[in-house]
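I opened my notebook to look up charged contacts and ring contacts, one entry at a time. Here is what I wrote down.

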Amino acid sequence: MANSSSSVLPSSSSSSSYPHLNTQFALRSSLFASPLHNNNGLSFRPIKTKSPVRVLSMQQRPSKATVVTGQSWNTSVLESKTPVLVEFYASWCGPCQMVHRVIDEIAAEYAGKVNCYVLNADKDPRITEEYDIKAVPIVVLFKNGEKCESVVGTMPKEFYVAAIERVLSSSS
């Protein structure tokens with residue numbers, strides 16, 4: 001790892017030639033978080049700065065899709081009279097966060113027609129094993145308690161909408 005005093009931007013002594021740069025936010029290797037090892041692979045410590053920009057994690061942002069767990073699975077998904085969309089995700093998964101935004105839009109647009117849920121695959125391994133979920137993100141659609149459609153990976157919104165429309169128009 002580079003020396004913590006190395007800088008990509010000019011040091012404060014030469015910043016007079018760059019008056020528009022605020023040198024307290026200079027990109028320095030000491031600002032990068034050091035990796036921590038855990039059971040899920042690598043994760044990173046948050047970087048503490050005085051920056052006014054705040055990054056919200058997936059858990060901090062409000063979601064239009066409801067969280068479902070192993071405890072609420074039967075009543076929320078399997079016994080639902082309304083078709084159900086479940087996004088299986090992991091908190092460490094970057095593509096899952098992109099899918100979350102799409103699922104939030106879909107949850108708002110299909111309110112009353114489709115119940116949208118998110119399930120953390122790491123926290124509920126029994127459910128992920130039961131439905132043979134090997135990778136995240138994956139969106140699975142259920143109708144009358146039966147798995148009927150799935151969309152694997154990060155796809156454009158149209159893929160999810162097409163799957164929903166097929167489920168809504170199916171007669172089962």
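Is R166 buried, exposed or partly exposed? I looked it up, keeping in mind that this is a predicted model. R166 has a relative accessibility of 45%, so I noted R166 as partly exposed.

**Entry 1: the partner of R166**

I then asked which side chain R166 meets in a salt bridge. The partner is E149, with 3.0 Å from N to O. E149 sits in strand 7 (residues 146–152) and R166 in helix 4, so this pair ties together parts of the chain 17 residues apart in sequence.

**Entry 2: the other salt bridges**

How many salt bridges does a search of the whole structure find? I got five.

One of them joins K157 and E109, at 2.5 Å from N to O. That pair links distant parts of the chain: K157 belongs to helix 4 (residues 157–169) and E109 to helix 2 (residues 94–109), 48 residues apart.

Another entry on my list is K134 with D132, whose closest N and O atoms are 3.2 Å apart. K134 is at 73% relative accessibility and the cut-off for exposed is over 50%, so I marked K134 as exposed.

**Entry 3: the rings**

Next I turned to the aromatic side chains. The search of the whole structure gives four aromatic pairs.

W73 and F88 make a tilted pair, with 6.1 Å centre to centre and 50° between the planes. Here too distant parts of the chain are linked, since W73 is in helix 1 (residues 73–78) and F88 in strand 4 (residues 84–89), 15 residues apart.

Y131 and F142 make an edge-to-face pair: I noted 5.3 Å centre to centre and 90° between the planes. Y131 lies in the loop between helix 3 (125–130) and strand 6 (138–143), while F142 is in strand 6, so the pair ties together parts that are eleven residues apart in sequence. Y131 counts as buried at 13% relative accessibility, and F142 counts as buried at 1%.

**Last note**

Which residues form one aromatic cluster? I wrote down W73, F88, Y131 and F142.

Methods
Residues are numbered from 1 along each chain as its sequence is written. This is a predicted model: local features need pLDDT of at least 70, side-chain atom pairs count only at pLDDT 80 or more; totals for chains, interfaces and linings use all residues. Side-chain values use heavy atoms; hydrogens and water are left out. A salt bridge is a side-chain nitrogen of Lys or Arg within 4 Å of a carboxyl oxygen of Asp or Glu. Helices (H or I, at least four residues) and strands (E, at least two) are DSSP runs, numbered from the N terminus. Buried means under 20% relative accessible area, exposed over 50%, partly exposed in between (1.4 Å probe, protein chains only). Rings of Phe, Tyr and Trp (its six-membered ring) pair if their centres lie within 6.5 Å; planes under 30 degrees apart count as stacked, over 60 as edge-to-face and the rest as tilted.
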